[in-house]
Amino acid sequence: MSKFPITRMRRLRSRAEMRNLFAETRIDQSRLILPLFVQDGIKSMLPIPSMPRQYRYAVRELPGLASEIEEAGIGAVMLFGIPSHKDRLGSGAYANDGIIQRAIGKIKDSSSLVVISDLCMCEYTDSGHCGIIRNGDVHNDLTLEAYRKIAVSQAEAGADMIAPSGMMDGQVAAIRDSLDKSGYANTPIMAYSAKMSSSFYGPFRLAADSTPRSGNRKSYQMDYANSNEAIREIAMDVEEGADVVMVKPALTNLDIISRARARFDLPLAAYNVSGEYSAINAAAERGWIDYQKAATEVLTSVFRAGADMVITYHALEFVKWRNE
Ligand code: PBG
């Protein structure tokens, strides 16, 4: 290793063109995945107060939106459905004419976007939990039976990829099995493998109306104190047949993204969650931070840590900034 004064690190930082030449990490919009909220029973989009410039869309607005996203060169969309009715069993999640099923169909009919559907029940259960409640807790194996049905209904609707986010044990194996038995052996699974129980989901839960009515999600989502356990969760999902694994939230788990990158050869996704998005927005609104620069720094750091793709609410605006 050469030392100062022979080596001067500042030589390669002298001007923008030089810095560009030596930047090790670049964001490619085809590696960004934009989450979309689609609500049943509305005629036009509603702003989401907890997430500036994000909306709940009506199904009929999706073709126009999809072409905008497609033209921007965004890699994929990740869909979340907001139903009109909730019940104990979350049955709206696997209804053939359910909100997410109709949304998938609409986007597939009108574009060639890659459509990833979030598979969870928290928007559909009256408890607001990610599965079926028995004796005061989410019952793992009963919930898996529901997840099997949801997976098949989403694949039938045309989803290109199924993304289970409920953190039930065995969910990837159950979904793989049900897809294979129903003629969807070629539909891949993007597993939310290491998903922490995080307060950074707060703005999303207001957006998707999925806050648990009582208790919290700590009996199924991970303790954010644990990184060895995160690696075990990912390894289990790989064994169960995941095609893509995910770490979530992104910014509070860069170390886990980095460990997972070193350990696994599968495509690795990271979810830059609602709280990360809204915190930057709130600080920028107060003039405390430069929004565009802060968002770009966050996204760059998540890719630098080793993510192959990032799910982010910044996706569309990022492309606009780049083209400005
Ligand atoms: C559903 C789900 C959540 C998110 C993605 N899928 C909420 C939760 O687990 O409470 C959060 C995404 C975000 O905050 O942007 N289980």
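Which residues form one aromatic cluster? They are Phe37, Phe80, Tyr192, Phe204, Tyr271, Tyr277 and Tyr313. The model is a predicted one.

## Aromatic pairs

A pair of aromatic rings is described by two things: the distance of the centres and the angle of the planes. This structure holds 10 aromatic pairs. One of them is formed by Phe37 and Phe204. Phe37 sits in strand S1, which covers residues 32-39. Phe204 sits in helix H6, which covers residues 202-208.

The cut-off explains both calls: buried means under 20%.

## A second tilted pair

Tyr271 and Tyr313 also form a tilted aromatic pair. Here the distance is 6.2 Å centre to centre, with 45° between the planes. Tyr271 lies in strand S11 (residues 268-272), whereas Tyr313 lies in the loop between strand S12 (309-312) and helix H11 (315-323). The pair therefore ties together parts that are 42 residues apart in sequence. Tyr271 is buried, at 1% relative accessible area. Tyr313 counts as buried as well, at 2%.

## A lysine over two rings

Where does Lys248 lie? Lys248 lies over the face of Tyr201, at 4.5 Å from the ring centre. Lys248 also lies over the face of Tyr271, this time at 4.8 Å from the ring centre. Tyr271 is also a member of the aromatic cluster.

## A nonpolar patch on the surface

Now to the surface. Leu12, Leu21 and Phe22 form a nonpolar patch there. Together they have about 300 Å² of accessible area. Leu21 is found in helix H1, residues 16-22. Its relative accessible area is 62%, so Leu21 is exposed; the cut-off for that word is over 50%.

Pro188 has its place in the loop between helix H5 (171-181) and strand S9 (190-195). At 23% relative accessibility, Pro188 counts as partly exposed.

Which residues is Pro188 in contact with, leaving aside its neighbours within four places in sequence? They are Asp160, Met161, Ile162, Arg176 and Asp243. Take Met161: Pro188 and Met161 are 27 residues apart in sequence. In space, their C-alpha atoms are 5.0 Å apart.

Note on methods: Residues numbered from 1 in each chain as written. Predicted model: local features only at pLDDT ≥ 70, side-chain atom pairs only at ≥ 80, totals over all residues. Heavy atoms only, no water. Phe/Tyr/Trp six-rings, centres within 6.5 Å; stacked < 30°, edge-to-face > 60°. Helix = DSSP H or I, 4+ residues; strand = E, 2+ residues; numbered from the N terminus. Buried < 20%, exposed > 50% of the residue type's maximum accessible area, 1.4 Å probe, protein only. Lys NZ or Arg CZ within 6 Å of the ring centre and 35° of its normal. Patch = residues over 30% accessible without salt bridge, like charges linked within 9 Å, V, L, I, M, F, W, Y side chains within 5 Å. Areas by Shrake-Rupley, 256 points an atom, 1.4 Å probe, with all protein chains shown as cover. Salt bridge = Lys/Arg side-chain N within 4 Å of Asp/Glu carboxyl O. Contact = heavy atoms within 4.5 Å.
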